[in-house]
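This report describes a ligand and the pockets of a protein. Please examine the sequence and the model before reading on.

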Amino acid sequence: MNAQKLIDTAKALVADNKGLLAMDESNPTCNKRFAKLNIPQTVDARRAYRELIVTTPGLGECISGAILYDETIRQEKKDGTPFLKVLTDAGIIPGIKVDTGAKDMAAHPGEKITEGLDGLRDRLAEYYQMGARFAKWRAVITIGDGIPSRSCVEANAHALARYAALCQEVGLVPIVEPEVLMDGNHTLEQCRVTTEEVLRSVFNQLNSQRVLLEGMILKPNMVLPGLTCPMQASVDEVANNTVKSLWRTVPAAVPGIAFLSGGQSGELASARLNTMNLRFNSRLPWALAFSFARAIQQPALETWQGKEANVQAAQRALLQRARCNRAARRGEYNAEMEKT
Ligand code: 13P
């Protein structure tokens, strides 16, 4: 393992107030989002949509790295230029999703375990050869009646740590993503307690699997009340509770924390990230960045609608969200930016 290279890549992913663009939706997830907008669910439509994203002029001003999916990392522009080349030419580091999905966990009704460790070493070596420099693995934790169970949290944390160690062995920076889902009617406080429990378990496992903390990025959820909780939270409450949880659980050696958006609107995700950076920036040991999929892509997808004539307008919508999030890293985002 070349530790210095991992450290340099991890730092580059959160440098200069940029963040990550997650465009690693699996085919079923991408198809589901296309179906909602009556976009054909074909390889070619997915390729065209990903071409729109990677060729967005100016994207590299705000985006340090893009997370791809196995289908996408092998795709090309219509003119034959590989997406990998388009991204690196734009100064964007290519990354790859390597888990094979969250599956029902045996004997644990309502809970999921993420799969993908079998054969992972060989898949990682291939992605590194292709030009990827970081990888992502997502675990999902559900809050509900009597869940999450200790065993679900531990099994997912263990898998994340084994994945992270394998990534570092081959030279890929692991993005470690334990997502506590927003689904449900739990309170902000319940989310905070669960998030802290999950992060404690994840860092115990990362340490026990000898993962170099300086050469990884954490991708957590923000601390939020459940979508159907009657008591919703202010931007300040979300920012305070999220930072409090991270302070308590994430070692200072980790260079960056890049949040997932998890179904929040683009505006709320930007506003919450902005408040965290505005209020706490000088007291944080790690960069607080973003690794959003829906909160960056959704307006662009809705504008595109699968039509060539809408490509430029969709690219403007994508860049707009990327710029808002870069501003949020500096604590300079405001609602006025949504109008430009
Ligand atoms: P969202 O930002 O849409 O939650 O997606 C982030 C992600 O990469 C999910 O794994």
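## Terms and model

Helices and strands are DSSP runs, numbered from the N terminus; a helix has at least four residues and a strand at least two. The model discussed here is predicted.

## The ligand and its shell

The ligand is surrounded by 13 residues, and the closest are K136, K219, S261, G262 and R294. Two strands, β6 (134-141) and β10 (287-292), each supply at least two residues of this shell. By class, the shell has six charged, four nonpolar and three polar residues.

An N or O atom in the side chain of K136 is 2.5 Å from a ligand oxygen, and for the side chain of E177 the distance is 3.1 Å. A polar side-chain atom of S261 lies 2.4 Å from an oxygen atom of the ligand. On its own, the ligand has 300 Å² of accessible area, of which the protein covers 93%.

## The largest pocket

The ligand takes up the space of the largest pocket, whose volume is about 1,000 Å³. This pocket is lined by 38 residues, and T29, R33, R138, E179 and R294 are the closest to its centre. The elements that each supply at least two lining residues include α2 (27-36), β7 (173-180) and α11 (294-304). The lining comprises 16 charged, 11 polar and 11 nonpolar residues.

## The second largest pocket

The second largest pocket has a volume of about 320 Å³. Among its 16 lining residues, R47, A48, K78, E308 and V311 are the closest to its centre. Helix α3 (43-54) and helix α12 (311-329) each supply at least two residues of the lining, and α3 gives the most, with six.

Note on methods. Residues are numbered from 1 along each chain as its sequence is written. This is a predicted model: local features need pLDDT of at least 70, side-chain atom pairs count only at pLDDT 80 or more; totals for chains, interfaces and linings use all residues. Side-chain values use heavy atoms; hydrogens and water are left out. A residue is near a molecule or strand if one of its heavy atoms lies within 4 Å of it. A polar contact is a pair of N or O atoms within 3.5 Å; within protein, one must be able to donate a hydrogen and the other to accept it, and residues adjacent in sequence count only if both atoms are side-chain atoms. Accessible areas come from the Shrake-Rupley method with a 1.4 Å probe; for residues, only the protein chains shown count as cover. On a 1 Å grid over the protein atoms alone, a cavity is a set of points where a 1.4 Å probe fits but cannot get out, and a pocket is an open set with protein on both sides within 12 Å along at least five of seven lines; lining residues have an atom within 4 Å of a point. A molecule sits in a cavity or pocket if more than half of its atoms lie within 2 Å of its grid points. Ala, Val, Leu, Ile, Met, Phe, Trp, Tyr, Cys and Pro count as nonpolar, Asp, Glu, Lys and Arg as charged, and the others, Gly among them, as polar. Grid points are joined across faces, edges and corners, and a volume is the space filled by probe spheres set on the points.
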